[in-house]
Each structure stands twice: as C-alpha cells, then as structure tokens.
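User: I am new to this structure and would like to learn how to read its features one at a time. Could you take me through it slowly?

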Amino acid sequence: MMSGPAVHPVEAPPMTMAAPMVRMKDFQGMPGTLGSLFLRLCQFVFAVISICVMVTTSDFPSVTAFSYLVAAVGLQIIWSLVLAIADVYAILVKRSYRNVAIVSLFAIGDGITSTLTFAAACASAGITVLISNDLEKCKVNHCARFMSATAMAFLSWFAASPSFFLNFWSLASR
C-alpha cells in the first residue's frame, strides 16, 4: 500500500509592515519654509540696495572690482527672487521641497551665488580701503557710497550663507 503525498498546512509568515522611513524635520531656513523665504528676501533686499547705491555713482565702471560687484549682486538678485517665489509657492501649497534634484540645484546655485557675492564684496572692500586709507582720495571719489554698497553686498552674502549650508545639510542627511 502506497501512501499519497501528505499536505501539511504551512503557517504563513507574519505580516510585517516595513518600517516607515523617518523624514527629517523641516528646519526653518530649509527650502519651502518661512525661514527660507525670510533669508531669500534679506538676500534680495541687501543686494538691491548694494546695486542701487553702486550704480548711482558715476565712476563705478572705471574700477573692475566695482563692476564685478554689480554683476555678482545682479545675479544674487535674480537668484534670490526666483527662489523666494518658489518658497512662496511651497508655503501656499503647504509642501516642502524634498526632491533631491531640486534641493541639489538650490544648494549648487546658493553655493555659486554666495561665493561670487563674497568674492565681489571682498574685492570691493579692498579697493575701497585702497582709495580711502592708502591713497586718501575720498574727497574726489564716492567713498561713502562704495563702502555702503560693499557693506550691503556683505550682508547679502551673510544672508545667503545659511541658505547654502541648510540646503547642503538637507542633501547630506538623506
């Protein structure tokens, strides 16, 4: 007598839910937050003041560093305005930016614009010190305006740096 194959009930493995991915908390200053919007608006306002003060002088084009400052803060104005609009959109739809490609673009753009603004502000500060202290020609030049425009460029960079570091940190913590 042959026995037929026996079928033994097999217990199904327990249903386990995959652990949900823990998302990093959105810190103020990260893309799509009110802090980020505030930083973008500060960058924009300081850069606009810097370029307006520099352009109102008649002799800024004669110095390369001052022309570079105008170009750098001009780029900062465009970049900050575009990202401020993006932050307003994210705040209105109550979503933050989590797409790696977008945050990478923000981080790279912030790094480039903040580096250019800082370099231009440093070059302009050097020329301003040369004109005022070394050559002592402030009476025939617009030293106060040059100093004000340079200070505003530094403040714009100071507001751009946290944006870069927070975007970079957001990428690194993924």
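This is a predicted model: local features need pLDDT of at least 70, side-chain atom pairs count only at pLDDT 80 or more; totals for chains, interfaces and linings use all residues.

User: Is Ser-132 buried or exposed?

Analyst: Buried means under 20% relative accessible area, exposed over 50%, and partly exposed in between, using a 1.4 Å probe and protein chains only. Ser-132 has a relative accessible area of 15%, and therefore counts as buried.

User: Which residues is Ser-132 in contact with, leaving aside its neighbours within four places in sequence?

Analyst: A contact means heavy atoms within 4.5 Å. With those neighbours left aside, Ser-132 is in contact with Cys-138, Cys-143 and Met-147. Met-147 lies 15 residues from Ser-132 along the chain, and the C-alpha atoms of the two are separated by 9.7 Å.

User: How do I read the packing of helix 3 and helix 4?

Analyst: Axes are lines fitted to C-alpha atoms, for helices over the stretch in contact, and angles run from 0 to 180 degrees between N-to-C directions. Angles under 35 degrees count as roughly parallel, over 145 as roughly antiparallel, 65 to 115 as roughly perpendicular and the rest as oblique. Helix 3 and helix 4 pack at an angle of about 155°, with their axes 7 Å apart, which means that helix 3 is roughly antiparallel to helix 4. By class, their contact has 19 nonpolar, 12 polar and one charged residues, where Ala, Val, Leu, Ile, Met, Phe, Trp, Tyr, Cys and Pro count as nonpolar, Asp, Glu, Lys and Arg as charged, and the others, Gly among them, as polar.

User: At what angle do the axes of helix 1 and helix 4 cross?

Analyst: The axes of helix 1 and helix 4 come within 8 Å and cross at roughly 160°, so these helices are roughly antiparallel to each other. The residues of this contact divide into 15 nonpolar, six polar and two charged.

User: Where does Arg-40 lie, and which residues does Arg-40 touch?

Analyst: Arg-40 lies in helix 1, which covers residues 34–55, and is buried because its relative accessible area is 2%. Not counting residues up to four places away in sequence, Arg-40 touches several residues, among them Trp-79, Asp-87, Asp-110 and Asn-167.

User: What should helix 2 span?

Analyst: The expected span of a helix is 1.5 Å times one less than its number of residues. The 29 residues of helix 2 (residues 64–92) should therefore span 42 Å, and its end C-alpha atoms are 42 Å apart, which agrees.

User: What is phi of Lys-94, and where does Lys-94 lie?

Analyst: Phi of Lys-94 is near 55°, a positive value in a residue other than glycine, and Lys-94 lies in the loop between helix 2 and helix 3 (100–134). Lys-94 is exposed, with a relative accessible area of 72%. Glu-136, in the loop between helix 3 and helix 4 (143–172), has a positive phi near 50° and counts as exposed at 65% relative accessibility.

User: How many helices and strands does the protein chain have?

Analyst: The protein chain has four helices and zero strands, and buried residues make up 37% of its 174 residues.

Key
Residues are numbered from 1 along each chain as its sequence is written. Side-chain values use heavy atoms; hydrogens and water are left out. Helices (H or I, at least four residues) and strands (E, at least two) are DSSP runs, numbered from the N terminus.
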